[in-house]
Structures are given as structure tokens and as C-alpha cells.
Amino acid sequence: MTRFAFIGRRLIFAVPLLITIVLLVFLILQITPGDPVRQIVGLRASAEEMERVRIAMGLDRPVIVQFADYLFGVVRGDLGMSFKSGEAVADMIAARIPVTAGLLGLGLLLSVLISVPVAILTSRRRGGPARAIVSTLEIGGLALPSFWIGIVLVLTIALPTGWFPAGGYGETPVDHFRSLVLPAVTLAITVAPLQIRSLRESILETRDRDFVTLARILGVSPVRMMGRHILRNAAAPSVSMFALNIGFLLFDAVVIESTFALPGIGQGIVLAAKQRDIPAIQGYTLLFAVIVVLVYLIADAVNAALDPRVKVES
């Protein structure tokens with residue numbers, strides 16, 4: 001089976017998975033204690049008013065019909081209306097996506113800029129003081145909670161220097177970027193240890209393979225050997241590792257956004273949970289689940305492109 005067929009097959013398998021996710025998200029409203037209509041109309045509303053709202057929301061119809069309506073609404077991009085603000089949930093999420101996307105993008109870029117050189121340098125020798133120092137920093141990065149790292153960065157960089165704000169998002173594009181720097185550094189510090197360890201071990205394993213020995217005998221330069229032969233083949237396991245930890249990364253983004261008061265998806269989830277805004281919680285949960293599925297698909301595609309040995313039996 002070709003790589004394109006492999007990716008197409010993954011896409012086909014993702015469809016029933018996404019439908020199942022939509023079903024589980026829909027059940028949040030069904031299993032949540034309390035009457036959602038009462039939450040909307042308030043405690044003093046009459047029974048007649050509650051019934052009118054219930055009919056308008058379609059909550060008087062069978063559950064299977066409600067699910068079908070919700071599923072078709074999700075396909076159209078309609079995630080319902082917020083119980084608190086009355087705003088469309090899709091619009092609420094869309095307004096927060098750029099902040100979270102900027103945080104994740106900049107944080108992952110910084111983590112790659114940190115992890116790739118460090119993994120290459122520490123893979124040259126299996127021991128030594130440099131390896132011991134990096135291993136200690138890896139353990140520290142994994143053990144320390146992200147909110148604590150963020151607070152330390154605020155106390156040591158933001159407040160003394162004033163180069164970056166301690167919180168908020170600013171008004172101009174320049175302010176937006178400055179506001180994302182420290183949160184992105186926090187995210188990179190928490191993600192880089194996993195990437196360094198995975199990539200270093202993969203480089204050490206790849207370096208001992210026969211095709212690398214043959215390239216060395218043929219006189220391939222060390223730089224070209226590392227970039228074209230070793231690093232390319234060693235990157236595939238790291239991509240898979242990143243995909244498996246995407247849930248941890250998204251949770252970290254939620255914590256970091258709350259720490260730095262960024263108006264992103266993480267802050268939206270916290271606010272929706274405090275207000276018990278069920279449609280908003282459903283929308284954010286569905287978004288996170290779809291992101292995880294898409295990242296797995298992208299990881300499969302990247303692995304197929306990086307590793308020429310990828311073969312899939314029909």
C-alpha cells in the first residue's frame with residue numbers, strides 16, 4: 001500500500017472516531033446534574049416560560065433526535081449558544097483560537113530550537129559532565145509544574161526588566177508578541193526535556209545502524225551524515241512521541257494561559273467550567289478532541305514522509 005493510501009486509510013478510520021467523540025461530548029449535557037433550562041431562565045421563571053424555552057431549544061424531543069441535530073450542527077460549524085452570554089459558542093472559540101495557536105506555535109518552535117542542538121551535542125558521548133548536566137535539567141523540567149516555571153519567569157525577568165508583561169495580551173500586534181514570549185518559554189521548558197530525551201536516544205540508536213556505517217565508509221561528511229542520514233531517520237520516533245503527548249501539551253497550555261492571564265482557549269475553558277456553561281464546555285472539549293485526532297493524523301503523514309521504510313500491508 002502506498003503512503004497516500006496509508007494516509008487516506010487513516011482519514012477514513014478517523015471518521016467513526018470523530019462521530020464517537022461528538023456523541024460523548026453531546027452526552028455531557030445529558031448527564032450533567034440540574035436542568036439546563038432553569039440555568040438559562042433563572043430561578044424565578046414560571047413553568048410556562050421554562051416549557052417555552054425547552055421547546056425552543058429542542059430539549060423536548062427524543063435524545064436520538066437531539067443528537068442528530070447536534071451532529072449536523074457540528075458539521076455545519078454550529079456548536080450551539082452559550083447559556084451565560086447568549087453568544088454562539090463557535091464565535092467564542094474562534095475569538096480565542098489565535099491566542100492559543102500563537103502560544104503553541106511559538107512554544108513548539110522554541111522547544112525545537114532547544115531540543116535539536118542539545119540532543120545532537122549530548123548524543124556524541126554517552127557519558128561526561130555535559131550529559132549529566134542535561135539529564136539533571138531534563139528531570140527538573142519534567143518535575144517542575146508549568147505554573148511554577150511561569151511564576152519564576154515573571155519574578156526574575158518580567159518584573160525586574162519590564163521587557164515582557166507579567167500578564168495580559170495587550171492591544172497591538174507587538175504587544176501580543178511580547179505577551180506570548182514568556183508563556184512560550186514556559187511551554188518550551190516543559191516540552192523540551194521529552195523531545196531531547198526521545199531524539200537523543202533515537203540518534204544513538206540510528207547512529208549504529210548499517211546504512212550509517214556504510215555512509216561513513218564512503219566518506220560522507222559528518223554534517224551531511226547527521227542532517228540527511230541520522231537526523232531524518234531519528235526524527236520519526238520523536239514525532240510519534242510528540243503526538244502521544246499532545247494531550248499533556250494542551251493541558252499545559254490551559255495552565256500557562258491561566259498563569260499569564262491570556263485570553264485563549266485555556267482561559268475560556270476555566271471560565272466556562274466556573275459558570276457551568278455546558279454548551280461552551282462541549283465546544284471546547286470537542287475542539288481539544290479534534291485537535292488530538294488531527295495531530296495523530298499529521299504525525300502519521302510526517303512519519304511516512306520522513307521514514308522511507310514505512311510499509312503498510314493491505
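Student: Where does threonine 100 lie?

Tutor: This is a predicted model. In it, threonine 100 lies in helix H5, residues 89–122.

Student: Is threonine 100 buried or exposed?

Tutor: Look at the relative accessible area. Buried means under 20%. Threonine 100 has 7%, so it is buried.

Student: What does the side chain of threonine 100 make a polar contact with?

Tutor: Its partner is the side chain of glutamate 257, at 2.6 Å. Glu257 is also among the residues that threonine 100 touches, along with Gly264, Ile265 and Gly266. That list leaves out residues up to four places away in sequence.

Student: How do I read a nonpolar core?

Tutor: Start with the general idea. In soluble globular proteins, nonpolar side chains tend to be buried together. Here, the largest nonpolar core has 49 residues. Val22, Tyr70 and Leu286 have the most contacts inside it. Helix H13, residues 278–306, gives the largest share of this core, with 10 residues. Another core lies apart from it and has 7 residues, including Ala119, Leu199, Ile203 and Met226.

Student: Which residues is valine 22 in contact with, leaving aside its neighbours within four places in sequence?

Tutor: They are Phe67, Tyr70, Leu71, Val74 and Leu286.

Student: Which residues form a nonpolar patch on the surface?

Tutor: Leu144, Phe147, Trp148, Ile151, Leu155 and Leu159 do. Together they have about 600 Å² of accessible area.

Student: Why does leucine 159 count as exposed?

Tutor: Exposed means over 50% relative accessible area. Leucine 159 is at 56%, so it counts as exposed. You will find leucine 159 in helix H7, residues 146–161.

Key
Residues numbered from 1 in each chain as written. Predicted model: local features only at pLDDT ≥ 70, side-chain atom pairs only at ≥ 80, totals over all residues. Heavy atoms only, no water. Core = buried A, V, L, I, M, F, W, Y, C linked by side-chain atoms within 4.5 Å. Buried < 20%, exposed > 50% of the residue type's maximum accessible area, 1.4 Å probe, protein only. Helix = DSSP H or I, 4+ residues; strand = E, 2+ residues; numbered from the N terminus. Contact = heavy atoms within 4.5 Å. Polar contact = N/O pair within 3.5 Å; in protein donor to acceptor, adjacent residues only side chain to side chain. Patch = residues over 30% accessible without salt bridge, like charges linked within 9 Å, V, L, I, M, F, W, Y side chains within 5 Å. Areas by Shrake-Rupley, 256 points an atom, 1.4 Å probe, with all protein chains shown as cover. Salt bridge = Lys/Arg side-chain N within 4 Å of Asp/Glu carboxyl O.
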